[in-house]
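Work through the exercises below with the sequence and the model open. Each task is followed by its solution.

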Amino acid sequence: RWQISGDDCQVVTVLLDPEEELKTEPGSMMFMSPSVETDVECGCFDGCVRRCAGEPCVKVGLKNGGGDAAYVGLTPNFPAKVVPVELSNMKNFVAKSGAIMSSLGDVNISTSCDTNPATCCCTSLGMCRQSLDGEGTAFLAAGGTILVKELKEGETLIVDSESVVGFQDTIGFGITPNQFCTCCFGGEGMCNATMEGPGTVVVQSMSFKKYIKNVAPPPGAYKMRERMGAGYMGGTDFDFD
């Protein structure tokens with residue numbers, strides 16, 4: 001029913017039966033068959049729920065209005081890989097805010113609120129996350145190298161919270177504090193996330209937030225460029241575009 005192409009900045013091609021609909025975030029459509037019809041969902045309540053979970057308030061519906069099978073090609077809105085989640089195997093799945101790109105079939109997307117002050121305030125997942133349930137397929141967007149870990153009963157994995165993409169709701173999610181020197185000088189922050197099995201955990205090596213941080217110009221770069229005018233000083237060219 002679907003095929004993922006490419007090594008990075010991937011594309012997922014989905015085959016739609018007649019009258020079947022695919023839901024996706026705005027701007028992710030790359031190509032599609034002529035028989036595919038486009039519509040948007042922008043209800044007030046649903047839009048507010050999506051915004052709380054880090055998604056656009058509008059969802060795009062791509063429906064095959066023809067009598068034969070049609071196809072749609074989708075790609076994430078930032079440099080990322082496509083991660084399929086088969087809910088028929090995982091049942092309920094919790095994804096970090098903004099991770100869901102599209103869904104096919106019976107997929108119910110809602111908001112999962114974390115009421116634990118420790119995990120809410122001390123991890124990058126925040127209070128509102130995305131909750132998935134149903135029998136269909138959800139496609140997540142994640143950066144860098146993607147690893148899927150199957151944790152056994154009682155098995156624990158310590159993860160940089162920025163690297164968490166999502167996890168099965170059977171996973172026990174918690175935190176472990178870092179030592180003072182590690183917190184201040186080790187680049188790991190105050191806490192790491194802990195995942196206790198059983199269940200599935202999806203992690204990424206390069207979150208979009210981390211990517212932006214690494215490619216952003218150094219502090220004061222734009223002011224330096226303005227002062228230098230043509231961008232030349234002391235025989236060195238500076239180009240911060």
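**Exercise 1.** Find which residue in the turn of the β1–β2 hairpin has a positive phi.

Solution. Begin with the strands, which are DSSP runs of E of at least two residues, as helices are runs of H or I of at least four, numbered from the N terminus. β1 and β2 form a hairpin with five residues between them. They pair in the antiparallel sense over four bridges; two strands count as paired if DSSP finds at least two bridges between them. One point to check is Ile 4, which stands opposite Val 12 in β2. In the turn, Gly 6 has the positive phi, about 95°.

The model is predicted: local features need pLDDT of at least 70, side-chain atom pairs count only at pLDDT 80 or more, and totals for chains, interfaces and linings use all residues. Residues are numbered from 1 along each chain as its sequence is written, and side-chain values use heavy atoms, with hydrogens and water left out.

**Exercise 2.** For β3, state which side chains are buried and which strands pair with it.

Solution. First take the faces. Next take the partners. β3 pairs with β6 (residues 59–64) in the antiparallel sense over four bridges, and Thr 24 has Val 60 as its bridge partner there. β3 also pairs with β10 (residues 100–104), antiparallel over three bridges, where Lys 23 stands opposite Ser 103.

**Exercise 3.** Which strands stand at the edges of the open sheet of six strands?

Solution. Write down the order, β11-β12-β9-β16-β19-β14, with antiparallel pairing. β11 (107–113) and β14 (146–151) each have a single partner strand, so one side of each is left without a neighbour in the sheet. These two are the edges. For β11 the partner is β12 (residues 128–134), paired in the antiparallel sense over seven bridges; Val 107 stands opposite Gly 134.

**Exercise 4.** How many aromatic pairs does a search of the whole structure find?

Solution. Rings of Phe, Tyr and Trp (its six-membered ring) pair if their centres lie within 6.5 Å; planes under 30 degrees apart count as stacked, over 60 as edge-to-face and the rest as tilted. The search finds four pairs. One of them, Phe 167 with Phe 173, is stacked, at 5.3 Å centre to centre and 10° between the planes. Phe 167 counts as buried because its relative accessibility is 4%, and Phe 173 is buried at 17%.

Terms used:
Buried < 20%, exposed > 50% of the residue type's maximum accessible area, 1.4 Å probe, protein only.
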